[in-house]
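I opened my notebook to look up a few things here, one entry at a time. Come and read along with me.

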Amino acid sequence: MAVNFHIPSPENIHAVPGIEIGIASAGIKKAGNRDVTVFKFTPGTAVAGVFTRNRFRAAPVQICESRLRCDQDIRALLVNTGNANAGTGTDGMDRALRTCQALACELGIDQNQILPFSTGVILEPLPDDKIITALPAAVADLNAQNWLPAASSIMTTDTVPKISSKQIEINGRKVTITGISKGAGMIKPNMATMLGFIGTDAEIECHLLKQITTEVTNKSFNRITIDGDTSTNDSFIIAATGQSGIEITPDSSYYKTFVDALTEIALDLAQKIVRDAEGATKFITIQVESAKNQDEALKVAYSIAQSPLVKTAFFASDPNLGRILAAIGYADVPDLDTSNINLWLGDVLVASSGGRHPEYKEADGNRVMKEAEILVRVALNRGDVQETVYSCDFSYDYVKINAEYRT
């Protein structure tokens, strides 16, 4: 069950002017499931994205990387679930291209204006014939209000749809930002998330949008981990339609306001992935402070966040906190002086001066471990850099879900 998960009410999910979404059932995973999603953009929409650094990048990722240029007018996205089209070689590329060509015919655009995305089982041929058959229904369903159904249609092992939306006022006009994401396992993005799509009606020049997308990613999707596995299909897209008439530039007085709002949406979507992690019962925030640099702060944070021993202790609500110290110690931080490190679990100081804090009581640790949301705070006391990573526990259900994934 998702941990403290919030789905916005329909009135708080805002359509993005210039974006329509259509959904249909291709029967890829289960008959009747809506598993094909089409995003249609108004002409002139700026689109930027970041993708997995896994060397076995899926066929659709490779196509997106080749097409996503500032001189290319991207007009549509095509998303399928149930099949990742990864580890499929040239045949996978051909099948993905055929689906793009079919959608191009339906929309009356060039196939190079379409970005394809897939998620699901790896090493299986993409059932492109099923996707192509479903496309007319998806196009007929195009509607500006379809954000929540789209959040459901891109799910795989997710248990709840992940959606976030807000409107801000700039120069007396409303600017809308709405996004969806999916992911619950095979999560340690080395760029973004499994699949994430954010739309806004702000006007942003393409090169600037690329810069903003990278900045937003590094503050959100690049700060989560469930199991330390980086997917073959990770893709995160931001589309700016320009329909609000508000132009975002680096020297505009409202630049930071807009980027902060965009980051807030992305971080909410990223955290929802962790809250809905496969089998998770705890949402864990790991905050590393007073580090010498960003690299060592993230090394320590991820070392804790990805330790199976730490994660299973959290599931059991067992304050076996020496496991956290061990994870800090093997984080490969050069010349780390453990005698300077402080460790807190929630509001409880657990370790100081290289060992157990004299006033620490296991009952206090046990109290915090039973909470659904837990803060782990580590002070390295060797600099002024702080980083935060979000993770979860490992339960019996995580093993069960992944052992039975294909059945």
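Which residues does UniProt list for "binding site"? I found Thr156, Lys182, Thr193, Glu278, Asn402 and Thr407, and the entry is unreviewed. A note to myself: UniProt positions are given in the numbering used here, feature names are shortened, and annotations may be inferred rather than shown by experiment.

Before going on, I wrote down that this is a predicted model, where local features need pLDDT of at least 70, side-chain atom pairs count only at pLDDT 80 or more, and totals for chains, interfaces and linings use all residues. Residues are numbered from 1 along each chain as its sequence is written, and side-chain values use heavy atoms, with hydrogens and water left out.

**Entry: Thr156**
I looked for Thr156 and found it in the loop between α4 (147-153) and β6 (162-170). Helices (H or I, at least four residues) and strands (E, at least two) are DSSP runs, numbered from the N terminus. Is Thr156 buried or exposed? Thr156 counts as buried, because its relative accessibility is 15%. For these words I use relative accessible area: buried is under 20%, exposed is over 50%, and partly exposed is in between (1.4 Å probe, protein chains only).

**Entry: positive phi**
Next I checked backbone angles. Asp332 is not a glycine, yet its phi is positive, near 65 degrees. I placed Asp332 in the loop between α9 (322-329) and β13 (342-345), and with a relative accessible area of 57% it is exposed. Asn381 also has a positive phi without being glycine, near 55 degrees. Asn381 sits in the loop between β16 (373-379) and β17 (385-392) and is partly exposed at 40% relative accessibility.

**Entry: cysteines**
A disulfide is a covalent bond between the sulfur atoms of two cysteines. The rule I used calls a pair of cysteine sulfur atoms within 2.5 Å a disulfide. How many did I count by this rule? I counted one disulfide. Cys70 and Cys206 form it, with their sulfur atoms 2.2 Å apart. Cys70 is in the loop between α1 (59-67) and β4 (76-83) and Cys206 is in helix α5 (residues 206-219), so the pair ties together parts 136 residues apart in sequence. The torsion about their S-S bond is about -85 degrees, so this disulfide is left-handed. Cys70 is partly exposed at 31%, while Cys206 is buried at 13%.

Cys100 is in no disulfide. Cys64 is buried at 0% relative accessibility, and Cys100 is buried at 0%.
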